[in-house]
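Q: I would like to learn how to read a structure feature by feature. Could you take me through one, giving the general idea before each case?

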Amino acid sequence: MNFLHFMSANRQQVIELTLEHIQLAGIATLIAAFVGIPLGILITRIPSLSKLIIGGANVIQTIPSLALFGFLIPAPWIGERASRLAILALALYCLLPLIRNTYAGIRGVDPAVVEAGRAMGLTDRQLLFQVELPLASGVIVAGIRLAVVLSIGLATIAAAIGAGGLGEFIFRGLAMVSNQVILAGAIPAALLALAADFLLGLLERRLNSFWLKA
Amino acid sequence: MREAHQLRRRAISACFFVLELALFLPVTGCTTQSEHIVIGSKNFTEQLILGELFAQIIEARAHLPVERRFYLAGTFICHQAILSGRIDIYPEYTGTALTAVLKQPPSANKEEVYRQVEQSYEKQFNLTLGSPLGFDDTFAIVIRGDDARSLHLQTLSQAAAYTPQWRAGFGYEFMERPDGFKGLASSYGFHFAEPPRVMDLGLLTRALVQRQVDLIAGNNTDGLIPALDLFVLQDDHHYFPPYEAVAVMREEMLKAHPEVKSALDLLAGQISDDDMRRMNYAVDRQHRDASAVVREFLSERKLLQSN
Amino acid sequence: MPPTQMPLTSNETASNGSASNATSSGASAIEFDRVSFSLNGHPLLENLSLAVNHGETLVLLGRSGSGKTTTLKLVNGLLMPVEGEVRISGRSTANWDPIRLRRSIGYVIQDGGLFPHFTVERNIGLVPRIEGWDRPRIDARVRALLALVGLNSELASRYPSELSGGQRQRVGVARALAADPPILILDEAFSALDPITRSEMQKEFRALQQRMRKAVVFVTHDLREALLLADRIVLMESGRKVVNLPAEEFSRSEHPLVRAYREAFSAPIEMPTEKRESQ
């Protein structure tokens, strides 16, 4: 295969862009998790907010990704560096699965267990951290998995606005009409997504089977 | 079993911790300057040629290994790439830098534009501007060579008198841009009998040659201009802003490798409008390899060996 | 089983137990004073008054929807009365810190309500742990409780999903007793068990109660269970208290609803008509 030769000849670039890609997707997912999971917890406590928050995240996700990148370009500070912009846009995109899965996961915990906990005198915080979150962890990790795969995929588009990552190979290859270069970006990106999906799927399954009730 | 469970949980959180750490480690050339120079370029022929020129002269005269990252999809991408350190050098035009990157209104004076761009780039972005290479890739208003000779036309002002008898052809962008057709027509007092024909850029030259139109707007350095005996009317009102080609370089890279600037300075003023047109023609129309064309040019000018 | 320091110490000395519903000492463990409760305009409890002393087992008997579970939830503050007052140890539930209140009341529900992600010993030791007991003390307590409810100590490291229904229920009882609360409330605690296990559990619980003498409120819809476990029986119907009698009197009562209950439980097992004819 020709592109393997190209990739080994340009080893350093491939590694650099792959690490850059992981960085974009990873930081974005982390930010989304740090915002989305607490938000998901919040709306289990204040259900009246759930429509607003899930609705909002839904709207953001409905915006076509490239359009979202485009909206943010004129923004001060954010728009000045493509990587900041890309990370913000990717993080916004990943909010919905994280919020929704956290919410569903916690609500899906056996209400009898939650009530037993409350009746035993667990404070709300103890209930959350010792009962609800562990039991919801499988579903929450499923949300993280979705977010990670989503952001790895969308990060390829980030190259269109100059944020780098493996998408740069793809866009350059398109302009050069060179399959080698396109594949040098497309294949590692696909492999990254598959690997992340697989690993997180393992984790998810382990957590689920562990907390599985009789 | 509780121990096994806890052990597993700790192992998982350890993995995540390590992963997070890896994510925050700075990745690319933002940190230490690697030993090779990365040169970027936009994705059209002239840019490829310029990128190749930079690359070969640095290889030959600064004796540094060069990595080529051409075909980046446009000004914004290149700018972001050099800001983040992913590339060290790329070819830019002063007019583009002024209006598209710095978002300033266009100006007609070549030296003033250069100075403004040079100072702003240094202050805002820590980027150094190389000396102008010698040509201007601005808009060119083009007519057939024989018309120019028979009517003794040199400038756009002179040509204005004939516009009622001519048909004009322009590309979509030129028609839409505020500094495109409208401004041009009012600045010189053009009065075409019919509204200009709008067509794809690639078809304009052919339409001109085939006498379907008499006046078109193209690029000053289009290779077809000498090849098809076309004439570029002088912009005596200086309506079009200057688009002098220069190298944009990262200061940090230059600190580590000052020899790069000396190498690139050898190109200052070396490339005339005609030189650029010829090289564009060779690559675009004759389908010759860009690096071969560049090597030929550099050896002709004896720029590849130090004296 | 070592007595422990708790906001309320359980009354280890045998009280008069059964008959008296008098609040002469002025400190019943549980007291309902003309309590009403409604949800979204639907009345669930109307004008309920009753008292439970230390050492007494009160059974709330009734059909589903009669208000039994609502009554239980008013005891540990999961619900607050709309009218009237619920007093625990003489203090209104409105004046109790809900967390402290609940930690001094043991709560057992059907199928245990055990945390599936905790081992048996972690489940049992939960309240002691959040109360800040030190490890050795918790471990000792867990072992003692396992013995008390008749479970093999090797089950301590198992998970609820690995236990049988009867075992889970025992763990549920052990968990409720862990911090030695003076009050125990049980909501259909044995209803999901098979008849043989159920009978075992009832006998063991009765023996346990005779030793520990806690104030117990037990909810069931099974008359036989009520008669076996109760010192007093309160029959409820549509959110109202119908009768409040000592157990023996209850079994003799001629009140129409009580009679209906007795008849439902004593009728011989009959095949439905369609099946008989087809034979």
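Q: Is A:Trp77 buried or exposed, and how many other C-beta atoms lie within 10 Å?

A: A residue is called buried if 20 or more other C-beta atoms, placed from the backbone, lie within 10 Å of its own, exposed if 12 or fewer do, and partly exposed in between. A:Trp77 has 8 other C-beta atoms within 10 Å, and therefore counts as exposed. Before going further, note that this is a predicted model, in which local features need pLDDT of at least 70 and side-chain atom pairs count only at pLDDT 80 or more, while totals for chains, interfaces and linings use all residues. Residues are numbered from 1 along each chain as its sequence is written, and chains are lettered from A and ligands numbered from 1 in the order in which they are written.

Q: Which elements make up chain A as a whole, and what share of its residues is buried?

A: Chain A has 9 helices and 0 strands, and of its 214 residues 49% count as buried. Its C-alpha trace spans about 65 × 40 × 20 Å along the principal axes. Two residues are in contact if their C-beta atoms, placed from the backbone, lie within 7 Å; of the contacts in chain A with a separation of 6 or more, 74% are between residues 24 or more positions apart.

Q: Where in H5(A) does a kink lie, and how many of the helix's residues are buried?

A: The bend at a residue is the angle between axes fitted to the seven residues ending there and the seven starting there. In H5(A) a kink of about 35° lies at A:Cys94, shortly before the proline A:Pro97. The helix is mostly covered, with 22 of its 26 residues buried.

Q: At what angle do H2(A) and H5(A) pack?

A: Two packed helices are described by the angle between their axes and the distance between the axes. Axes are lines fitted to C-alpha atoms, for helices over the stretch in contact, and angles run from 0 to 180 degrees between N-to-C directions. Helix H2 (residues 11–45) of chain A packs with H5(A) at an angle of about 35°, their axes being 6 Å apart.

Q: How do the residues of the contact of H2(A) with H5(A) divide?

A: Ala, Val, Leu, Ile, Met, Phe, Trp, Tyr, Cys and Pro count as nonpolar, Asp, Glu, Lys and Arg as charged, and the others, Gly among them, as polar. The contact of H2(A) with H5(A) has 22 nonpolar, 6 polar and 1 charged.

Q: How many residues of chain A are in contact with chain C?

A: In this pairing 17 residues of chain A are in contact with 16 residues of chain C. On the side of chain A that touches chain C, helix H6 (111–119) and helix H7 (124–158) each supply at least two residues, and H6(A) gives the most, with 5 residues. The residues of that side divide into 12 nonpolar, 3 polar and 2 charged.

Q: Where is B:Asp88, and is B:Asp88 buried or exposed?

A: B:Asp88 sits in the loop between helix H3 (75–83) and strand E3 (89–93) of chain B, and it is buried because 29 other C-beta atoms lie within 10 Å. Not counting residues up to four places away in sequence, B:Asp88 touches residues including B:Ile37, B:Arg250 and B:Met253. B:Asp88 and B:Met253 are 165 residues apart in sequence, yet 6.6 Å apart in space, C-alpha to C-alpha.

Q: Is C:Asn152 buried or exposed?

A: C:Asn152, in the loop between helix H5 (135–148) and helix H6 (165–177) of chain C, is exposed, with 10 other C-beta atoms within 10 Å.

Conventions:
Helix = DSSP H or I, 4+ residues; strand = E, 2+ residues; numbered from the N terminus.
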